[in-house]
Amino acid sequence: AEDGGMIQRAQRPHPHLHTTARAGLTRAVVAALSIAALAACSSSGASDGAAAAPAAVQAGSSAQAILDRLGMAGKDPAQAISALDQKTGERQRDILASVRYDTLVLKEGTNETSVAIPGGKFYLSVAPYVQQTHDCYFHSLTTCKGELAGKTINVTITDSAGQKLADGPVTTYADGFVGFWLPRDIKGTITVSYDGRTATTPIATGKDDPTCLTTLKLV
């Protein structure tokens, strides 16, 4: 188990084929733009086409340089995600650190890169709310902020087979979120309770699913 209640949490030999390929490329571009538009937590949107790097962050790479500036020197991508989400104090909002299905996308100015998240895990960061929330798709570790910071909540996550992946009290981080490492490519349900209020919603950890859950209104 991780700290903070997290679970170990596109040939063209023939003109007709060329036309078909162009049509397919157009559809792919439109789909990518649609997904990027939903990354509302990010202060500046990182493109969804950033190439995945090896799981280990290479010394001297641009990714490592950005992580160093975020205070994450010596940490692998999973460790950096956990630590950045749990960070207290001022966040470096000029640097984007965005969690995707299997990569951590890093952007500083015009410099954008990504590193692969190891271990077949999917990071889901959850911000339940009572009064106020925001649209979010890919969780930004440096700019996202939820309503309920530093609150003890009860969370149960169950997969489609009925196995509990999380069950018990956790404390939300200074950014109002709490994160869980889950298996990739599953479906399930999350229930959150706080101060006599409860919210339940389906979740999924597939390639096109969000890593940021901000729709849990506690009633």
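The following questions and answers concern a predicted model.

Me: Which cysteines does the disulfide join?
Reply: A disulfide is a covalent bond between the sulfur atoms of two cysteines. The structure holds one such link, with an S to S distance of 2.1 Å. The cysteines joined are Cys136 and Cys212.

Me: How many residues apart in sequence are the parts that the pair Cys136 and Cys212 ties together?
Reply: Cys136 is placed in the loop between strand 4 (121-126) and strand 5 (152-159), whereas Cys212 belongs to strand 10. The pair therefore ties together parts whose separation in sequence is 76 residues.

Me: Is Cys212 buried or exposed?
Reply: A residue counts as buried when its relative accessible area is under 20%. The relative accessibility of Cys212 is 3%. Because this value falls under the cut-off, Cys212 is buried.

Me: Which residues lie nearest the centre of the second largest pocket?
Reply: This pocket has a volume of about 190 Å³. Its lining consists of 14 residues, and by class these are eight nonpolar, four polar and two charged. Those nearest the centre of the second largest pocket are Pro210, Cys212, Leu213, Thr214 and Thr215.

Me: Which strand gives the most to the lining of the second largest pocket?
Reply: Two elements give two or more residues to this lining, namely strand 9 (197-204) and strand 10 (212-213). The element that gives the most, with three residues, is strand 9.

Me: Which residues have the most contacts inside the largest nonpolar core?
Reply: The largest nonpolar core has 44 residues. A second, separate core has five residues, including Ala127, Cys136, Cys144 and Phe177. Inside the largest core, the residues with the most contacts are Ile157, Phe180 and Ile190.

Me: Is Gln64 buried or exposed?
Reply: Gln64 is part of helix 2 (residues 62-69). Beyond its neighbours within four places in sequence, Gln64 is in contact with Val57, Gln58, Met72, Ala73 and Gly74. Its relative accessibility is 12%, and the cut-off for this class is under 20%. Gln64 therefore counts as buried.

Me: How far apart in space are Val105 and Ala63, C-alpha to C-alpha?
Reply: Val105 is found in strand 2 (residues 103-108) and is buried, with a relative accessible area of 2%. In sequence, Val105 and Ala63 are 42 residues apart. In space, their C-alpha to C-alpha distance is 8.8 Å.

Definitions and conventions. Residues numbered from 1 in each chain as written. Predicted model: local features only at pLDDT ≥ 70, side-chain atom pairs only at ≥ 80, totals over all residues. Heavy atoms only, no water. 1 Å grid on protein atoms, 1.4 Å probe; cavity = no way out; pocket = protein on both sides within 12 Å on 5 of 7 lines; lining within 4 Å. Points joined across faces, edges and corners; volume = space filled by probe spheres on them. Helix = DSSP H or I, 4+ residues; strand = E, 2+ residues; numbered from the N terminus. Nonpolar A, V, L, I, M, F, W, Y, C, P; charged D, E, K, R; others polar. Buried < 20%, exposed > 50% of the residue type's maximum accessible area, 1.4 Å probe, protein only. Core = buried A, V, L, I, M, F, W, Y, C linked by side-chain atoms within 4.5 Å. Contact = heavy atoms within 4.5 Å. Disulfide = S-S within 2.5 Å.
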